[in-house]
Amino acid sequence: MEASSVAITILWSLLFVYSMLGSLDFGAGFWGMVYSNENKNTNASVIANKFLSPAWEITNVFLVIFVVSVVTFFPFATTLLSSILLVPVALGLFLLTVRTTFMVFEHYAQRFRTLLRITSGVTGLILPALLVSILPITLGGFVDFENDYPRLHYGELMTHPTLYMHIAFGLSTELFISAVFLMDYAKEAEDWSAYHTFRKHALWLGPVSILVAVLTIGTFPVEADWIVQNIEANWLWFGLSIVFFLIGYSALFLKHRDGKRGFARLAVVSIIIQYGLAIYAYGSAHLPYLVYPDLTVADGFTSASFYPMLIIYAIGFGILIPGFILFWKLFLKDRRYLKQE
Amino acid sequence: MDVVVMARALFGSSLGFHIIYATIGVGLPVMIIIAEILHLIKKDSDYALMARRWTKGFAIILAVSIASGTIVGVMISLLFPNFMEIVGQVIALPFQMEIFAFLIEAVFMSIYLYAADRLPTKLRIVSIFAVALGAIASAVLITDVHAWMNTPAGFRLTPDGGITDVDTWAAFFNPSFVTSALHVVFSAFMTVAFIIASIAALRLLKRNISTEERNYHKKALTIAIYFGLITSLATSINGHETAQKLHEYNPRKLAAAEGLFETTRYAPLSIGGYASLEDQRVKYAIEIPYALSFLAADRFDTEVKGLNEWPQELWPPLYVHILFNVMVGIGSVLIVIAMFAVFWKLVLKKEYPPWMLALFVAGGPLAMIAIEAGWCFSCIGRQPWTITDVLRTGEAATKSGSVGFLFVLFITLYVTLLFATAFILKFYFKRNPVSKDLEKGAS
Ligand code: HDD
Ligand code: HEM
Ligand code: HEM
């Protein structure tokens, strides 16, 4: 494989990891808000926040990793990307900051709980919407050059149906993934009221998310014909992705011996595989462009310090593995944490 | 206003905001480790309580630190794309490594914060060690990029402005890396020490506190004073080396720092005052004969270059002389305060009188001002260059409009967050006062 292909594969894998972690993070914030009213007879909010408290920092670091990797692997892409994305990304940063700080402040000043929860819940919807709206921008048709300087046409973007379908796609995916995951997490905590709440939501969100995904492709702008063709050529992988969806979705209905429905762990794993396949298939359909038609992967890449950076990645993640394992044991497995009031 | 000016203002204020929290993020874990270790050695539960309470404060600060760090991390690419294009080719390595420093800090901070009661003591101390290590490493690595901007190395420019002959490690170990990194770490340590001293002194100034509570704050104050003395000495000794590096690699910046216009041997050191362009000297300053020459290279006859060696368009703004003096002045005052406090304790063996406590209260804010002054001196003193003698600030910045609107948005955010953090800290520690924790421990 060429160095630039290795780099884009790493970048795409980071995007995959962040899209999963981000869905859990933002989704948990949203569910935490929906069920924050203490009178409701479910612990869904407690479970969501139990996951969110220790996990948000790590999710945030993956966002930073993604951005830094774009700039360090593809420095020649910075000028174009930062000119067209300045405003949306800066707004995202603004909201992310409000969300992060309010979420933490809530722990220390419980009197303001409602206000702060609403903030983290609402930003849990707006932020992913903002993030997925970057996708259609790269498809072509929304960027133009004026005196050699790239401009994003906000007007055209805002009035194009594909933007809204992308947002619907992002949100339904986020909520589906987080519902399935939190269902599994609630099971680990043996909290059945939360379990049933999240299962109920997973049941309707699953089919909706698939339907929206398929419809979204139909709304791609005419300039994006190139990627539609590539997607059709990649149908095998997308088909496989659907198969994993079906496996995961059916797992929600399987009955245990004690009569409870849902093999949560199987569902989570299949659905992660489902999205993994879809994201890689989409990524390969996007090649060779980073931004169509102005910027290709090879144009953006530099090999100057590529190999040292690969080594840093290997060493870095190597060192961190014990940390992740400890983290997993303490927060995702330890009954003392899961059942703590 | 022009887009470039707006971009610089936005980025400078974002960093100025981030650094307040980041500095605490680098220093506080070290203080927590000291408290944990003292607890282990002395078996005095006050130290355990200290570690616990500092950790709460740290968690609140950390949230803002991470959020604002994410802002500057992304914004640097958004606002200075042409700069990042060069960074990505030459000095990407520290940025990449820094990510792992963040990850280590994030993973172990969650562990220390939410699982401390479920961990054996040793693993708990390992976790907070990892947090400190992550924070220090991230500070050192980002400072590396900053040092490289001051003393670029490890590449060649082609005639058409491209980059060739990249030597990643030469860039990494650029001439000012080691001195700058040490300076940042030492100054962060000393700042947090003086902030802790401020808080403890403020509490001790209150009349109606119980003896237990008084003892608790005295112990905190003692740790802070000793640690503050050591680290402030380290900061200034190493600051002296940093200045010698300027003499060697950035003489223009040194000249601006000292307000020296004509190249001179036996140059005097001007303290205070302001550098006046008309008079070609620093007005209203105290002059110490020969001192600048001696400080620059350990010899009285050292020739120190003056600003007139360069065309005026390459000078940084002359007010950096003031920034430099503020930093060095505060550093010197704090050393004196800390020495005096140790002398009072060890030799006179007396309690601190209220006027000394009042001095300690001033120490924390002063140290933070020195941090801001130091960074602003270093970045503004580099102007008009973003990468010294390689890339001008005007060429580095974005050409997108809309920066003005973002500037207003983010300044509002920062001001709000400054108040909000102060408020939350106050709110939390008011509801959970030391006296309550001490009673809980006793029962
Ligand atoms: C004194 C040292 C220092 C300085 C000069 C800076 N930072 Fe910083 N930064 C830290 C010390 C630090 C820290 C204390 O180490 C933080 C706080 C929490 C953390 O994990 O690291 C941090 C956090 C932090 C984060 C958040 C990481 C996360 O998600 O956990 C980012 C992206 C940056 N910084 C980026 C920057 C950039 C791009 C800077 C300058 C251009 C910068 N920092 C200046
Ligand atoms: C007391 C004697 C001190 C001396 C001689 C000194 C010297 C210097 C010099 C020469 C620089 C500029 C480096 C450059 O631009 O390349 C600098 C920067 C800086 N100083 Fe100091 N300093 C002193 C004290 C302090 C104190 C007390 C603090 C804070 C508590 C501090 C914090 C900083 C910071 C944060 C920077 C910017 C980072 C850097 O470039 O290293 N300094 N100092
Ligand atoms: C955190 C403490 C810091 C503070 C308070 C600070 C302050 C400033 C200020 C005031 C400016 C505007 C200068 C001007 O245009 O007149 C600036 C510019 C800049 N700084 Fe720093 N700085 C800090 C650390 C850093 C670090 C660690 C880096 C690099 C990794 C950095 C990179 C830059 C860049 C790229 C610019 C914009 C280009 C330029 O004006 O040269 N700064 N900073």
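The model is predicted: local features need pLDDT of at least 70, side-chain atom pairs count only at pLDDT 80 or more, and totals for chains, interfaces and linings use all residues. Residues are numbered from 1 along each chain as its sequence is written, chains are lettered from A and ligands numbered from 1 in the order in which they are written, and side-chain values use heavy atoms, without hydrogens and water.

Ligand 1 has other polar partners. A side-chain N or O atom of Asn60(A) is 2.8 Å from one of the ligand's oxygen atoms, and a polar side-chain atom of His18(B) lies 3.0 Å from a nitrogen atom of ligand 1. Because residues from chains A and B surround ligand 1, the site is shared between chains. Of the 23 residues around the ligand, those that come nearest include Asn60(A), His18(B) and Ser138(B); a residue is near if one of its heavy atoms lies within 4 Å.

The two chains also touch each other. The contact (heavy atoms within 4.5 Å) takes 66 residues from chain A and 63 residues from chain B. Between the chains there are zero salt bridges, meaning a side-chain nitrogen of Lys or Arg within 4 Å of a carboxyl oxygen of Asp or Glu. Four residue pairs, both at pLDDT 80 or more, are in polar contact between chain B and chain A.

Methods. A polar contact is a pair of N or O atoms within 3.5 Å; within protein, one must be able to donate a hydrogen and the other to accept it, and residues adjacent in sequence count only if both atoms are side-chain atoms.
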